[in-house]
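Dear colleague,

Please find below the structure that I am handing over to you. My findings follow directly after it.

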Amino acid sequence: GAGPQANLAQIDSAVRDWPEPQPAVAMGPRTLLLLAFTSSASAAERGTGVFEPWLEKLWASRTEADERELELRIAKGLGSKGYDKVRVSVVAPRLEAFDDFPFTYREQFRYRWTENFLHSALVKLNAGPNELSIGGRKVTVELPEEDTGIRGVFWADPCFSSKWITCRYAQRFQTFNRSVEMLNGIFKDPSMNLWGILGDNFYDQTGELTKTFFDHISLDVKRRFFLVVNGNHDNWVCGGPECGDASDNFGLGQMQYYPADAVASTLEPQDDVNFLDFSVDPDHRREYQSFQNSGTNFLSYHKLGNIGFLSFSGAAKFEDAKPHMEEACRYFEEAQPAAVFVVGHWNSEGMGCLKDMATPEVRAEILRLPGCRELGDRLKYMDGHKHCNYVQAHNEEPIGFMIGAHGMDDHCEAQYGFLFLDSTGGRVRLYYFEVDSATRGDRFEDIRGCVESRGSLASCLYFAETWLDVPAERERGSGVLV
């Protein structure tokens with residue numbers, strides 16, 4: 001809301017003054033299990049157990065006007081339903097009438113984060129700008145013409161609080177303020193279409209951190225297409241099933257706070273109205289050390305402009321996902337995108353990721369399927385989980401991209417950055433913007449200032465590394481120009 005956004009300078013000062021996170025002292029059975037679990041893996045450290053004072057102060061300053069801000073979510077419809085289908089959703093603290101918009105789903109969140117209410121509808125939009133009226137607010141949602149270039153930003157593993165898990169670089173990189181300011185600045189540009197988070201979304205068990213972040217990003221960000229991936233900390237805040245318990249989220253809050261139009265909506269008894277699969281009630285089954293959700297709530301595929309996307313949860317079983325991935329490949333064969341990005345969280349098995357469900361493995365598996373086989377190196381992937389940023393895999397050209405350094409630490413240098421996808425001008429390009437790192441130092445003001453003065457990320461590429469630059473038009477299965 002406008003009130004919290006105006007307080008970013010005060011937040012910045014408070015964050016700088018807050019001491020580095022220290023682990024909580026209490027050593028209960030779950031803590032001991034978490035310590036044993038994380039000691040043998042590249043995993044996050046347990047958190048402090050308390051929210052930072054700057055967050056408490058921020059929440060105390062909220063006003064009634066802030067609560068009335070429109071929590072809008074825009075997601076591309078499942079590819080098989082047609083290019084013109086878009087899921088429009090609003091999250092609110094109560095059921096709202098919204099008489100000016102035809103929401104077909106109006107329900108309180110189920111199982112987790114139940115203080116929220118979801119309003120959603122799958123609608124048909126025209127290519128180009130569509131003016132919607134929602135709760136008296138005029139909002140423009142632009143659907144790119146099919147096969148035109150798009151622009152989007154991706155991160156993974158963002159954090160800004162050490163309540164649940166230690167966010168090692170929250171202060172050093174000022175991750176709350178700078179992520180908010182960078183997004184709000186970038187999406188003032190009318191050419192931007194998409195924002196994606198590839199899992200471990202704010203390391204948030206209860207939803208308070210998620211809501212705080214979204215309270216501060218602008219409607220210009222929220223009216224763009226949004227793509228969110230399920231990660232291990234979204235299911236078990238400790239990082240894996242071995243230390244799961246009844247308080248964990250299992251992606252249930254996530255799938256309602258970031259509603260996608262997923263495969264679940266095509267499987268009975270679900271439909272386009274009741275589009276989420278709630279068949280797994282974690283508190284009825286009480287099997288907290290396993291994935292308590294349906295993988296079809298996170299499995300989605302579509303095309304936006306000239307780029308295809310396939311998203312999924314690595315906590316689901318490959319044999320359950322495979323028929324739907326075959327369907328996705330048939331769709332991509334018909335839709336003929338310039339490139340397809342498999343977007344997942346895990347870069348390797350373990351920590352809740354099942355056999356053949358790490359992102360590089362899924363890419364390799366579906367490359368064997370009809371419709372995807374012909375894509376060759378045009379089938380690419382992005383992931384996180386490891387808190388580093390680098391080109392992950394090459395064939396004849398780069399095919400895999402890791403973008404997991406956005407506040408967390410790992411066995412690489414301290415990094416904080418994001419990916420910029422640009423498929424305009426007859427090319428498919430990925431640019432990596434390193435906002436801050438041990439090697440490059442702090443470049444936030446330089447990048448933000450450039451975007452503000454020049455009006456777009458595309459005008460500030462001298463701050464970026466080129467990770468991918470290939471022709472958009474090629475023969476299927478090759479790198480040969482048509």
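Helices (H or I, at least four residues) and strands (E, at least two) are taken here as DSSP runs, and their numbering starts at the N terminus. Please note that this is a predicted model.

In these terms, the protein chain contains 14 helices and 19 strands. Of its 482 residues, 61% count as buried. The chain exposes about 17700 Å², of which carbon and sulfur atoms supply 49%. Among contacts with a separation of 6 or more, 70% are between residues 24 or more positions apart.

Several features of the backbone deserve mention. The loop between β3 (105-108) and β4 (117-124) holds tyrosine 111, whose phi is positive, near 75°, although the residue is not a glycine. Tryptophan 113 lies in the loop between β3 and β4 as well; its phi is also positive, at about 55°. With a relative accessible area of 7%, tryptophan 113 counts as buried, because the cut-off is under 20%.

I also searched the whole structure for cavities, which gave 6 of 30 Å³ or more. Two or more lining residues come from each of β1 (71-76), β9 (225-228), α10 (252-257) and β10 (300-304). By class, the lining of the largest cavity comprises 10 nonpolar, 5 polar and 3 charged residues.

With kind regards

Key: Residues are numbered from 1 along each chain as its sequence is written. This is a predicted model: local features need pLDDT of at least 70, side-chain atom pairs count only at pLDDT 80 or more; totals for chains, interfaces and linings use all residues. Side-chain values use heavy atoms; hydrogens and water are left out. On a 1 Å grid over the protein atoms alone, a cavity is a set of points where a 1.4 Å probe fits but cannot get out, and a pocket is an open set with protein on both sides within 12 Å along at least five of seven lines; lining residues have an atom within 4 Å of a point. Grid points are joined across faces, edges and corners, and a volume is the space filled by probe spheres set on the points. Ala, Val, Leu, Ile, Met, Phe, Trp, Tyr, Cys and Pro count as nonpolar, Asp, Glu, Lys and Arg as charged, and the others, Gly among them, as polar. Buried means under 20% relative accessible area, exposed over 50%, partly exposed in between (1.4 Å probe, protein chains only). Contact means heavy atoms within 4.5 Å. Accessible areas come from the Shrake-Rupley method with a 1.4 Å probe; for residues, only the protein chains shown count as cover.
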